[in-house]
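Subject: Structure handover

Hello,

Here is the structure for you to look at. Please open it alongside this note.

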Amino acid sequence: MESNFDDFKELAEYIKLASYFFEKEKNRKNLRISTHLILDFYKSVLSNVGSRIQEKNLETKTIAQKFLLIRINIPKFEEQEDLIKEIEGFRNKIYHNDFWVPDVQKLRKLIDHATGFLNFTVTCLQESSERGKRIRKLKDKVKDEIYNMKFYIGLNESVGYRIELEEFVSKEKRLNELDLASLQDKNLQSMLALIEIDVRRLKGMYDKAWITCPKCNGKIVQKSHSSTNYAGPYDDPEPVSTTYFETVECEKCGFRLVDEQETIYI
Ligand SMILES: [Zn+2]
């Protein structure tokens with residue numbers, strides 16, 4: 001959503017013009033011109049808001065349709081329902097009856113409400129754009145934490161925490177399938193808190209695995225090994241290659257956390 005509301009200032013010109021014709025001699029012609037202008041004002045505001053929200057042109061939609069689309073996205077807009085009904089009524093009469101003269105009191109009310117309506121609309125849009133920014137920030141944080149979760153799952157898997165990880169792996173899968181766009185900021189906030197707890201737990205598991213053996217709590221050490229491979233006849237074998245191992249393993253039970261092999265052919 002754009003943060004520039006300058007085009008709304010231009011719309012305020014309609015209000016001035018509608019007032020001007022209203023204040024002039026209150027004959028049928030002037031009152032009808034004033035009505036057209038104030039209706040154009042309301043229609044333009046609704047089109048503008050609707051287009052910003054839906055990101056497409058809403059010019060062809062009726063006032064009621066525009067209002068409905070806006071209300072779905074900005075629930076606060078419901079406050080304007082009575083005013084919108086008045087406008088709809090005025091519109092139907094003036095477009096269908098060339099001799100209809102608007103009620104002076106009612107027209108006065110529509111003109112008087114216009115500035116308030118404009119300010120209300122701009123405030124609603126600003127709030128909804130700030131809310132959008134907040135949600136985007138939250139969504140990024142959630143995505144980051146899902147990434148961290150995946151990262152620690154991978155590390156823990158490499159140190160042999162497979163069984164304990166099942167719970168996290170299925171959670172991570174569900175989180176990845178989740179449509180973040182459909183979530184409200186409140187839900188995103190509580191979800192973020194829960195994922196953060198999981199990430200801390202996963203990190204704790206990993207830190208612990210590096211200090212002690214996950215199988216027997218024995219001491220973890222780094223070791224180098226090598227073995228020579230032979231080929232040729234049984235009674236006269238010849239060395240063909242040597243495999244070097246670099247391991248990180250339990251001193252007590254031999255459980256390997258890391259097993260790096262390199263084979264060098266002679
Ligand atoms: Zn061990």
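First, the ground rules. This is a predicted model: local features need pLDDT of at least 70, side-chain atom pairs count only at pLDDT 80 or more, and totals for chains, interfaces and linings use all residues. Residues are numbered from 1 along each chain as its sequence is written.

Domains

The chain is assigned domain 1 (3–132), domain 2 (133–209) and domain 3 (220–265). Such bounds come from an automatic or database domain assignment. Between the C-alpha centres of domain 1 and domain 2 there are 47 Å. Contact means that the C-beta atoms of two residues, placed from the backbone, lie within 7 Å.

Cores

A nonpolar core is a set of buried Ala, Val, Leu, Ile, Met, Phe, Trp, Tyr and Cys residues joined through C-beta atoms within 7 Å. Buried means 20 or more other C-beta atoms within 10 Å of a residue's own, exposed means 12 or fewer, and partly exposed is in between, with C-beta atoms placed from the backbone.

The largest core has 27 residues. Ala18, Ile38, Phe41, Ile111 and Ala114 have the most contacts inside it. At least two residues come from each of α1 (6–23), α2 (28–54), α3 (63–73), α4 (81–96) and α5 (104–158). Helices (H or I, at least four residues) and strands (E, at least two) are DSSP runs, numbered from the N terminus. The biggest share of this core, 9 residues, is from α2.

Beyond its neighbours within four places in sequence, Ile111 contacts Ile15, Ala18, Ser19, Phe22 and Ile38. A second, separate core has 13 residues, including Val142, Met149, Phe168 and Ile195.

Helix α2

This helix has 27 residues and spans 38 Å from first C-alpha to last, close to the 39 Å expected at 1.5 Å a residue. The expected span is 1.5 Å times one less than the number of residues. Among the buried residues of α2 are Leu31, Phe41 and Val49. Their cover includes α1, α3, α4 and α5.

The hairpin

Strands β1 (residues 220–231) and β2 (residues 238–250) run antiparallel, joined by 12 bridges. Strands pair if DSSP finds at least two bridges between them. Asn229 has Ser241 in β2 as its bridge partner. The hairpin has 6 residues between its strands, and Gly232 in the turn has a positive phi of about 110°.

- Asp198 sits in helix α7. Asp198 is buried because 20 other C-beta atoms lie within 10 Å. Not counting residues up to four places away in sequence, Asp198 touches Met149, Phe168 and Lys171.
- Ile74 is in the loop between α3 and α4. With 18 other C-beta atoms within 10 Å, Ile74 is partly exposed. Ile74 touches Cys124 and Ser128, leaving out residues up to four places away in sequence.
- Asn217 lies in the loop between α7 (185–211) and β1. Asn217 is not a glycine, yet has a positive phi of about 65°. Asn217 counts as exposed because there are 12 C-beta neighbours inside 10 Å.

Best wishes
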